[in-house]
Amino acid sequence: MGTTSDHDNRMAKLTFASVYPHYLAKVEKKGRRREELHQVIRWLTGFDDKALQKQIDDNTTFEQFFKRAKLNLNAHLITGVICGYRIEEIENPLTQKVRYMDKLVDELAKGRKMEKILRSE
């Protein structure tokens, strides 16, 4: 299932600051810690805690967020379905990156071991 241009545009305009509290609530509700969420985000984007807080404070859109990020070279190993979309089939690069993040957060919340979440070849 492909995404539409309207969907891709909405994803680009969403701010990381508006989504981050939902990520945090999701993982904490399932007994995971903020530090683990930050570890997952750092693995995917290269943002340390200070840089991540700057993205939140600056009300950065996902488009800006991923332009500033240094995507992990193993991000392509993130596969599967999230929010009804097969990640590896998403054609829009930005939407795919946002779904990478969603998938990692989902796996963290579901209790997957950190070494499995932080993929390596």
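Asn59 lies in the loop between α4 and α5. In this predicted model, Asn59 is not a glycine, yet its phi is positive, at about 55°. The residue is partly exposed, with a relative accessible area of 44%. A second residue of this kind is Cys83, which is likewise not a glycine and has a positive phi near 55°. Cys83 is found in the loop between β1 (81–82) and β2 (85–86).

In soluble globular proteins, nonpolar side chains tend to be buried together. The largest nonpolar core of this model holds 36 residues, and those touching the most other members are Phe16, Leu37, Leu44, Phe65, Phe66 and Met101. At least two residues of this core come from each of α1 (5–13), α2, α3 (34–45), α4 (49–57), α5 (62–68), α6 and α7 (114–117). Helix α6 gives the largest share, eight residues.

Leaving aside residues up to four places away in sequence, Leu44 touches Phe66, Lys70, Leu71, Asn72, Ala75, Ile78, Lys97, Tyr100, Met101 and Leu104. One of these partners, Tyr100, is found in helix α6. Tyr100 is buried, with a relative accessible area of 7%. With the same exclusion of residues up to four places away in sequence, Tyr100 touches Leu44, Leu71, Ala75, His76, Ile78 and Ile87. Tyr100 and Thr79 stand 21 residues apart in sequence, and their C-alpha atoms are 8.1 Å apart in space.

The packing of the helices comes next. Two packed helices are described by the angle between their axes and the distance between the axes. For helix α2 (residues 16–29) and helix α6 (residues 93–109), the angle is about 20° and the axes are 9 Å apart. Angles under 35 degrees count as roughly parallel, and α2 and α6 are therefore roughly parallel to each other. Their crossing is right-handed. On the α2 side the contact is made by Phe16, Tyr23, Lys26 and Val27, and on the α6 side by Val98, Met101, Asp102, Val105, Asp106, Leu108 and Ala109. These residues divide into eight nonpolar and three charged, with no polar ones.

Helix α2 also packs against α3, where the axes come within 9 Å and cross at roughly 125°. The two helices are therefore oblique to each other. This crossing, too, is right-handed. Here Phe16, Tyr20, Tyr23, Leu24, Val27 and Glu28 of α2 meet Arg34, Leu37, His38 and Ile41 of α3. The residues of this contact divide into seven nonpolar, one polar and two charged.

Several residues link these views of the structure. Phe16 takes part in the contact of α2 with α6 and in that of α2 with α3, and Phe16 is also among the core residues that touch the most other members. Tyr23 and Val27 likewise belong to the contact with α6 and to the contact with α3. Met101 is part of the α6 side of its contact with α2, is touched by Leu44, and is listed with Phe16 among the core residues that touch the most other members.

Key:
Residues are numbered from 1 along each chain as its sequence is written. This is a predicted model: local features need pLDDT of at least 70, side-chain atom pairs count only at pLDDT 80 or more; totals for chains, interfaces and linings use all residues. Side-chain values use heavy atoms; hydrogens and water are left out. Axes are lines fitted to C-alpha atoms, for helices over the stretch in contact, and angles run from 0 to 180 degrees between N-to-C directions. Helices (H or I, at least four residues) and strands (E, at least two) are DSSP runs, numbered from the N terminus. Angles under 35 degrees count as roughly parallel, over 145 as roughly antiparallel, 65 to 115 as roughly perpendicular and the rest as oblique. A crossing is left-handed if the near helix is turned anticlockwise from the far one by less than a right angle, and right-handed if clockwise. Contact means heavy atoms within 4.5 Å. Ala, Val, Leu, Ile, Met, Phe, Trp, Tyr, Cys and Pro count as nonpolar, Asp, Glu, Lys and Arg as charged, and the others, Gly among them, as polar. A nonpolar core is a set of buried Ala, Val, Leu, Ile, Met, Phe, Trp, Tyr and Cys residues joined through side-chain atoms within 4.5 Å. Buried means under 20% relative accessible area, exposed over 50%, partly exposed in between (1.4 Å probe, protein chains only).
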